[in-house]
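Please read this report alongside the displayed sequence and coordinates.

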Amino acid sequence: MKRTFLFLAVVVCLLIASALFGVRIGEAAPDFNAVDSRGSTHRLLDSKGRFVVLEWHNQGCPYTQKHYQSGNMQRLQKEWTARGVVWYTVISSAQGQQGFVTAQQENDYLQRMSASPTAALLDPTGQIGHLYTAKTTPHMFVINPAGVLVYEGAIDDKPTTDQSDIVTAKNFVSLALQEATSGKPVSIPTSRPYGCSVKYAN
Amino acid sequence: MPSFGDSSLKRFTIVRWLVLVLAGFETLYAAAQTPAASVSKVALVSEQDAVVPGKQFWLGLKFDLDPGWHIYWVNAGDSGEPPKVEWHMPQGFRASDIQWPYPERLKSSSFVDYGYQDHVLLMVPVHAPLDLKVGERVSLEGHLRWVVCREVCIPARQDLALVLPSARRESASDSNDLFEVTRKRLPKPMPSNWRVTAVSDNDQFELTINAGHRISQSTFFPLLPQQVENAAPQQLSSFPRGVRIRLRKSDQLLKPIAALKGVLVVAPDEAYVIDAPVRNPEHLR
């Protein structure tokens, strides 16, 4: 009984700590296991040796819609997966919250939007979201082949819901990937992520 | 039981498709209309009933939000974005930036945003040109973009307009009281006898406010993103000449900063702009 309590206390502390201490640039990106919308399992560690992009997603969020209805996100997915990058779209909306989808709904959405991430990871418990302290949709992370986080933040420098802003925006994810894949340090490693809050379970 | 031949079955399918498509449009239409306007009403108001040539006057973006909905401060915190306005005014008129009243901490799951609920007036000082002819009607217009959120967010835009006469003298408009009340919530410059400093260590800033008297309550709102972790609790230690506040550094802060800027609210209607030089210990420089 006492031991169970102690165990629970430790788990709670770890959860609080992980919520407070997000991932940091230059440190190892925390490993996770996840099931995608097609039923396959993905483990981050299995992608060692390749660049990985994590894209927090909520199809009902106007900031996400800005980047999908314009085709901006799909362009990035296509361009970078073609160059060997692993691209995970992560959905951390809890059941009953905006953006929560069943596997079938997500597959329909991917097809409808011509989106081509490597996989759409379903995270309704918010476990991966909390592990990375994902705050907004979108919130972008870039992990290098050594498993180290090299970029974390917004998709670009125009924090609005207007599609017309995309043309003139500086895309931080492209920039980070361009620099990192050519062996340069990432010049802008963080930015304030902008968007809707991630709809975690309360 | 009616039986369908091949062609009527096809027709039935087409009709069904049409219905589905129309229903789809209707949903889209409903979404487009879900209207930020139904949960947040905005009006352009003026403190005075006239514009006096060569004089500064105040306009306000008056937001009335339905219960539970909020808009954002100039630093929105962990999500969202502040309202933005693009002014269209007659030649010679100059609108300054929005003067943001201090916000409140809006907590949702493990994050904190900074913003406003219920009712808020965002005040804007405007300068009228000296060569403005008395007796003219002045049309002041602005295009406002904002995002209003509860569990979900709705982006909105609206054209606002207000016509005021130009006159030699002005008097209070119907909205005058609202400006009076809101002005108390605008952060004031720090009193000249206050001394503020911040010391940086590995994962926190220790902000010391030396005010000459005890400060027993306070909340710090960072003006810049990526400096402090918005959701982290602020640890206060009050002392006879002021207060010391421990603020957790943002995980996104990778380089030392020279100054910690923010708004310190010490009591209702008592907020000050803080610009504290940061002392970085040797190993963090």
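## Domain arrangement in chain B

In this predicted model, the C-alpha centres of domain 1 and domain 2 of chain B lie 28 Å apart. The domain assignment places residues 39-183 of chain B in domain 1 and residues 188-284 in domain 2. Where the two domains meet, domain 1 of chain B contributes 10 residues to the contact and domain 2 of chain B contributes 11 residues.

On the side of domain 1 of chain B that touches domain 2 of chain B, the strands β3 (70-77) and β7 (111-117) of chain B each supply at least two residues, and β7(B) gives the most, with three residues. Sorted by class, this side of domain 1 of chain B holds five nonpolar, three polar and two charged residues.

On one hand, β13(B) pairs with strand β12 (residues 195-200) of chain B in the antiparallel sense over six bridges, and β12(B) and β13(B) form a hairpin with three residues between them.

## Positive phi angles in chain B

Two aspartates of chain B deserve a look at their backbone angles. Asp118(B), in the loop between β7 and β8 (119-127) of chain B, has a positive phi of about 60 degrees although it is not a glycine. Asp118(B) has 12 C-beta neighbours inside 10 Å and therefore counts as exposed, the cut-off for that class being 12 or fewer.

Asp269(B) lies in the loop between β17 (259-267) and β18 (270-279) of chain B, and its phi, near 60 degrees, is likewise a positive value in a residue other than glycine. With 12 other C-beta atoms within 10 Å, Asp269(B) is exposed.

## Contact between the chains

The contact between the chains involves 18 residues of chain B and 27 residues of chain A. The side of chain B that touches chain A consists, by class, of eight nonpolar, six polar and four charged residues.

## The open sheet of chain A

In chain A, seven strands form an open sheet of mixed pairing, in the order β2-β1-β5-β4-β3-β7-β8. Its edge strands are β2 (41-43) and β8 (149-153) of chain A, each of which pairs on one side only. With direction ignored, neighbouring strands of this sheet are turned by 30 degrees against each other on average.

Within the sheet, strand β1 (residues 33-36) of chain A runs antiparallel to strand β5 (residues 119-122) of chain A and is joined to β5(A) by two bridges; in this pairing, Val35(A) stands opposite Leu122(A). Helix α6 (residues 172-181) of chain A packs on the sheet, where it touches β3 (52-56), β7 (140-143) and β8 of chain A, and the direction of α6(A) makes about 170 degrees with that of β8(A).

## The buried side of helix α6 in chain A

Which residues of α6(A) are buried? They are Phe172(A), Val173(A), Ala176(A), Leu177(A) and Ala180(A). Because these residues cover an arc of only 130 degrees around the axis, they lie on the same side of α6(A).

The cover over the buried residues of α6(A) includes β3, α3 (72-82), β7 and β8 of chain A. After α6(A) comes Gly183(A), with a positive phi near 80 degrees.

The peptide bond that joins Thr137(A) and Pro138(A) is cis, with omega at about -5 degrees. Pro138(A) lies in the loop between β6 (136-137) and β7 of chain A, and β7(A) is one of the strands that α6(A) touches.

Key
Residues numbered from 1 in each chain as written. Chains lettered and ligands numbered in written order. Predicted model: local features only at pLDDT ≥ 70, side-chain atom pairs only at ≥ 80, totals over all residues. Pairing = 2+ DSSP bridges. Helix = DSSP H or I, 4+ residues; strand = E, 2+ residues; numbered from the N terminus. Axes fitted to C-alpha atoms, helices over the stretch in contact; angles between N-to-C directions. Contact = placed C-beta atoms within 7 Å. Domains from an automatic or database assignment. Nonpolar A, V, L, I, M, F, W, Y, C, P; charged D, E, K, R; others polar. Buried ≥ 20, exposed ≤ 12 C-beta atoms within 10 Å, placed from the backbone. Arc of directions from axis to C-beta.
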